[in-house]
Amino acid sequence: MRTVQMPQTGLSAPQVILGMMRIAEMDDDAVRALVNAARDVGIDYFDHADIYSPGLSLHACERRFAQAMQLSPTEREKITLQTKVGIVKDGPFYDFSYQHIISSVEASLRALNTEYLDVLLLHRPDPLVEPEEVAHAFDELAGSGKVRHFGVSNHTSAQLELLRRSLNQPLSVNQLQLSLPHAAIVTEGILANTLGASPEVSPDGAGVVEYCRMHGISLQAWSPYQSPTGVFIDNPDYPELNAALEELAKKHGVTPAGIATAWITRHPADIQVVLGTTQPGRVQEAAAGAQVRLSRAEWFQLLRAAGHSVP
């Protein structure tokens with residue numbers, strides 16, 4: 001597995017991460033098989049969130065992971081655990097208050113049966129955020145050793161800048177939705193100042209990828225195989241894209257899912273791909289794809305096949 005250096009953290013991390021949002025109802029053997037399949041191909045970074053527990057209590061996926069894996073302190077040191085805080089399911093609404101951040105982290109630590117989190121992300125922007133409260137919470141968590149690194153999910157450049165002006169702890173991660181059909185954060189810049197174009201844009205316009213690169217904030221791509229009509233691989237709504245994926249899969253000796261992964265990992269920002277699968281085989285496909293280095297021509301071929309304009 002290719003590793004990337006995460007600026008501001010000192011972490012050397014795999015370019016593919018395993019998301020644990022669907023494990024709440026899996027048994028111990030299935031969870032271990034999934035995690036072990038990931039570790040066998042070099043994926044030792046696991047992504048959680050307090051709300052990853054559909055229909056169940058908060059922290060259910062975190063508890064399921066800890067109960068199934070029963071990691072010793074030595075084994076715990078060999079993996080990276082990332083979780084998220086800030087979404088309140090009853091409502092729903094967002095809460096980046098000092099009290100909510102602290103209480104949720106404490107609950108995550110108990111659920112994961114660990115003394116520390118490697119990375120904590122703020123989960124989706126809170127329009128009522130008071131950056132000073134976030135700073136207070138982050139300083140306390142860092143000072144106590146309960147959280148080693150901090151970041152956000154789904155934040156725009158302006159939202160990042162607002163937080164950074166008050167924080168003493170660096171923001172080291174921004175987790176954003178990115179896939180071939182859903183690629184506004186990388187396509188909008190191509191269409192800048194193009195007469196007659198109807199560019200696909202992300203909420204704050206062009207720039208979040210460039211902002212993160214300039215400020216040493218690692219990018220993570222969630223839902224890497226999703227489109228507005230579901231998974232795009234073998235989806236009849238995307239015949240041209242699937243033809244291109246099949247062609248390049250045969251050329252590089254991987255699966256179409258591997259090529260879809262390679263399209264993201266080819267970006268010079270060293271974007272990490274966050275998998276949401278519960279199938280060990282899919283993990284292996286993505287890991288193999290991350291080893292493929294697409295040419296510029298192949299990268300743009302896939303972009304056009306996904307329906308994006310290249311002036």
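Visitor: In β14, which residue is the bridge partner of Q220?

Guide: In this predicted model, a bridge is read as a pairing between residues of two strands, and the partner of Q220 in β14 is Q272. Strand β14, covering residues 272-275, runs parallel to β11 and is joined to it by 2 bridges. On β10, N174 has L219 of β11 as its bridge partner, and β10 and β11 pair in the parallel sense over 5 bridges.

Visitor: Where does S179 lie, and does S179 count as buried or exposed?

Guide: S179 is in the loop between β10 (171-177) and α7 (184-187), and with a relative accessibility of 1% it counts as buried. Leaving aside residues up to four places away in sequence, S179 touches S223, P224, Y225, Q226, F232 and W263.

Visitor: Why is the pair of W263 and W299 called stacked?

Guide: A stacked pair needs planes under 30 degrees apart. The ring centres of W263 and W299 are 4.9 Å apart and their planes lie at 10 degrees, so this pair is stacked. The pair links distant parts of the chain, since W263 belongs to helix α10 (residues 256-265) and W299 to helix α12 (residues 296-305), 36 residues apart. Both tryptophans, W263 and W299, are buried, and together with F300 they form one aromatic cluster.

Methods. Residues numbered from 1 in each chain as written. Predicted model: local features only at pLDDT ≥ 70, side-chain atom pairs only at ≥ 80, totals over all residues. Heavy atoms only, no water. Helix = DSSP H or I, 4+ residues; strand = E, 2+ residues; numbered from the N terminus. Buried < 20%, exposed > 50% of the residue type's maximum accessible area, 1.4 Å probe, protein only. Contact = heavy atoms within 4.5 Å. Pairing = 2+ DSSP bridges. Phe/Tyr/Trp six-rings, centres within 6.5 Å; stacked < 30°, edge-to-face > 60°.
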